[in-house]
Amino acid sequence: MKTLVSIEYLKTFSMLYIVGYWHLFNYTLFFPEYKNTFTSSLTLIILGLFVMVSGFLIGSVTKKTISPINFYKKRLLRIYPLYALAIFIFYLYGLNDIETSLKSLVLISMYMVPAPLTMWFITMLMLFYLITPLLFKCIDKPIKFFLVFLTIFFSTLVIHFIFNSVDIRILLYIPCYFLGIYCSQYGLKTQAINIKSVCLIFFLWLILLFIEVDSWIFNQLKSIPMIFSGAYFIFSIFYLNEHKFKSLNIISWLSYSSFAMYLFHRPIYISLKSLYFPENSQFQALYLITFCLPIVFIISWGIQKLFDKSLVIKKPSKSTI
């Protein structure tokens, strides 16, 4: 699969939002309003978009006949070692306790809460990767594919109701992973998935906004139509306009670094903040944006590059997630 420039832009701008806005302002009181109803919803959509992109890229580059063992060797080797390193560093920095860290390393923390700070997203992605060989076996039959989705979704929901141990975010994002796999095989415009059908899903979310129920889980799950439709619309805008995007080295560089950037940005922020941090909140924000954020970019690129060299990869893929 050739490099899709539109997806490089998509990954770059999305990661800049998470690392350079949503998480960056955790470290200063300069802009407490950074977290509001709009940005909270946008963050859910951005994360759903990453999940969809991940499913789409994996579905596009993986042969449906590949054995589960070969798939796991090829895919998990690309992400697990750096993930494990990040889990260890988060523990050293006191961001996650030992129990949560150990559960995360064996990928059960999403089903035995609490899930790790920040790393929950990668833990969830790896769980999606584990079921991917099963999805490849039934992707030729869309109805069967949809039934597998329903089975996994409602089984997870039942586990949550029985044991109250599931991180509900896995239910918010698994539809986007199935969507990515599906679109990688059938395109963005099919009889089942198209602009009209996704618009109906979006309108369903608008209706759900006006339904007030005294149920925490219902109020969480009613975000699914928003995340699903938002991820589809944004991905479609970028992907269907591939020819309009110009390849730029800086975009390719940031896209390539995006996985390591997500894994290690918090420890880097904390380290830089401990070395020097202005007292004035305005200067804090300026320091974080103009100095700390570029350092995150540089270190993340270096980590990814060193890791790829350790795997003896001559031309590392620009699309890790």
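**Helices and loops in a predicted model**

Trainee: At the start of helix 2, which backbone nitrogen does a side-chain oxygen of N36 reach?

Mentor: This is a predicted model, where local features need pLDDT of at least 70, side-chain atom pairs count only at pLDDT 80 or more, and totals for chains, interfaces and linings use all residues. Residues are numbered from 1 along each chain as its sequence is written, and side-chain values use heavy atoms, with hydrogens and water left out. Helices here are DSSP runs of H or I, at least four residues, numbered from the N terminus. The N36 oxygen comes to within 3.0 Å of the backbone nitrogen of F38.

Trainee: How far apart are the end C-alpha atoms of helix 2?

Mentor: Helix 2 covers residues 37-61, which makes 25 residues. The expected span is 1.5 Å times one less than the number of residues.

Trainee: How many of the 18 residues of helix 1 are buried?

Mentor: Buried means under 20% relative accessible area, exposed over 50%, and partly exposed in between, using a 1.4 Å probe and protein chains only. Helix 1 is largely enclosed by the rest of the structure, because its buried residues number 16 of the 18.

Trainee: What is the relative accessible area of Y17?

Mentor: Y17 sits in helix 1. Leaving out residues up to four places away in sequence, Y17 touches W22, T39, L42, T43 and I46; a contact means heavy atoms within 4.5 Å. Y17 counts as buried, at 13%.

Trainee: How are helix 5 and helix 6 oriented to each other?

Mentor: Axes are lines fitted to C-alpha atoms, for helices over the stretch in contact, and angles run from 0 to 180 degrees between N-to-C directions. The two axes come within 8 Å and cross at roughly 150 degrees. Angles under 35 degrees count as roughly parallel, over 145 as roughly antiparallel, 65 to 115 as roughly perpendicular and the rest as oblique. Helix 5 and helix 6 are therefore roughly antiparallel.

Trainee: How do the residues of the contact of helix 5 with helix 6 divide?

Mentor: Helix 5 brings I131, L134, L135 and C138, while helix 6 brings P142, K144, F145, V148 and I152. Ala, Val, Leu, Ile, Met, Phe, Trp, Tyr, Cys and Pro count as nonpolar, Asp, Glu, Lys and Arg as charged, and the others, Gly among them, as polar. The division is eight nonpolar, no polar and one charged.

Trainee: Which residues does A115 touch?

Mentor: A115 is in the loop between helix 4 (98-105) and helix 5 (120-138). A115 is buried, at 14% relative accessibility. Not counting residues up to four places away in sequence, A115 touches T100, S109, M110, W120, D167 and R169.

Trainee: Is T118 buried or exposed?

Mentor: T118 is in the loop between helix 4 and helix 5. Aside from neighbours within four places in sequence, T118 contacts H23, F90, Y262, H265 and R266. Its relative accessible area is 4%, so T118 is buried.

Trainee: Is N164 buried or exposed?

Mentor: N164 lies in the loop between helix 6 and helix 7 (169-186). N164 has a positive phi of about 50 degrees although it is not a glycine. With a relative accessible area of 57%, N164 is exposed.

Definitions and conventions:
Helices (H or I, at least four residues) and strands (E, at least two) are DSSP runs, numbered from the N terminus. A polar contact is a pair of N or O atoms within 3.5 Å; within protein, one must be able to donate a hydrogen and the other to accept it, and residues adjacent in sequence count only if both atoms are side-chain atoms.
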